[in-house]
Amino acid sequence: MGREIFVFGSNEAGIHGGGAARHAFDKLGAIWGQGVGHQGLCYGIPTKDYQIRTLPLICIQSYIKGFLHHAAMHPETTFHVTQIGCGLAGLEPKDIAPMFQDAPANCQFPSAWEQWLPGRVYWTDK
């Protein structure tokens with residue numbers, strides 16, 4: 001059985017001060033000052049910029065594409081994607097969830113995103 005990685009929304013500055021990012025920092029090895037990529041037992045996808053302002057969707061999509069490539073390169077790992085961007089960044093699931101349509105099979109998603117990602121593996125994000 002492979003590793004399990006917690007995928008959380010972060011900011012480009014790597015200030016993991018609240019929400020899922022704080023959990024990743026406190027419990028899973030997220031690195032203060034690193035806003036994107038694999039760190040410990042987690043992976044950060046920025047949804048906010050260096051000034052902690054919500055990024056444009058096109059920028060978030062670019063970071064998501066980088067994550068999807070990483071996930072595809074690590075098929076032995078299960079990635080538990082949180083509702084990135086839908087908490088402190090203030091975005092809607094309808095704007096973010098469809099960006100994961102081409103995710104590899106080793107990605108699991110919050111059950112709240114089921115309507116945008118039908119037929120995938122879900123977990124309860126509470």
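This report describes the overall fold of a predicted model, its salt bridges and a few selected residues.

Local features are reported where pLDDT is at least 70 and side-chain atom pairs count only at pLDDT 80 or more, while totals for chains, interfaces and linings use all residues. Residues are numbered from 1 along each chain as its sequence is written, and side-chain values use heavy atoms, with hydrogens and water left out.

## Overall fold

The secondary structure comprises 3 helices and 6 strands, where helices (H or I, at least four residues) and strands (E, at least two) are DSSP runs numbered from the N terminus. Read along the sequence, these elements follow the pattern β-α-β-β-α-β-α-β-β. The C-alpha trace spans about 35 × 30 × 25 Å along its principal axes.

The accessible surface comes to about 6400 Å², of which 54% belongs to carbon and sulfur atoms; accessible areas come from the Shrake-Rupley method with a 1.4 Å probe, and for residues only the protein chains shown count as cover. Among contacts (heavy atoms within 4.5 Å) with a separation of 6 or more, residues 24 or more positions apart account for 53%.

## Salt bridges

Side chains of opposite charge can pair when their charged atoms come close. The structure holds 3 salt bridges, each defined as a side-chain nitrogen of Lys or Arg within 4 Å of a carboxyl oxygen of Asp or Glu.

| Asp26 | Arg22 | 3.1 Å |

Asp26 and Arg22 are 4 residues apart in helix 1 (residues 19-27), so about one helical turn separates them. Asp26 is partly exposed at 45% relative accessible area, and Arg22 also counts as partly exposed, at 32%.

Asp49 is found in the loop between strand 3 (42-48) and helix 2 (57-73). Leaving aside residues up to four places away in sequence, Asp49 touches Asn11, Glu12, Ala13 and Leu55. A polar atom of the Asp49 side chain also lies 3.0 Å from the backbone nitrogen of Ile52.

Ile52 has its place in the loop between strand 3 and helix 2, and its phi is near 65°, a positive value in a residue other than glycine. Most residues other than glycine have a negative phi. The relative accessible area of Ile52 is 36%, which makes the residue partly exposed.

Together with Ile15 and Trp32, Ile52 makes a nonpolar surface patch of about 280 Å². Patches are made of residues with over 30% relative accessible area and no salt bridge, with like charges joined within 9 Å and nonpolar side chains (Val, Leu, Ile, Met, Phe, Trp, Tyr) joined within 5 Å. Trp32 is found in the loop between helix 1 and strand 2 and is partly exposed, with a relative accessible area of 45%.

Gln39 sits in strand 2 (residues 37-39) and is buried, with a relative accessible area of 1%. Its contacts, not counting residues up to four places away in sequence, are Phe8, His16, Leu28, Gly29, Ala30, Ile31, Gln34 and Gly44. The side chain of Gln39 reaches the backbone oxygen of Gly37 at 3.3 Å. Gln39 and Phe6 are 33 residues apart in sequence, and their C-alpha atoms are 9.9 Å apart in space.

Pro104 lies in the loop between helix 3 (93-96) and strand 5 (107-110). Not counting residues up to four places away in sequence, Pro104 touches Leu68, Ala71, Ala72 and Arg120. The C-alpha atoms of Pro104 and Thr78, which are 26 residues apart along the chain, are separated by 10.0 Å.

How values were computed. Buried means under 20% relative accessible area, exposed over 50%, partly exposed in between (1.4 Å probe, protein chains only). A polar contact is a pair of N or O atoms within 3.5 Å; within protein, one must be able to donate a hydrogen and the other to accept it, and residues adjacent in sequence count only if both atoms are side-chain atoms.
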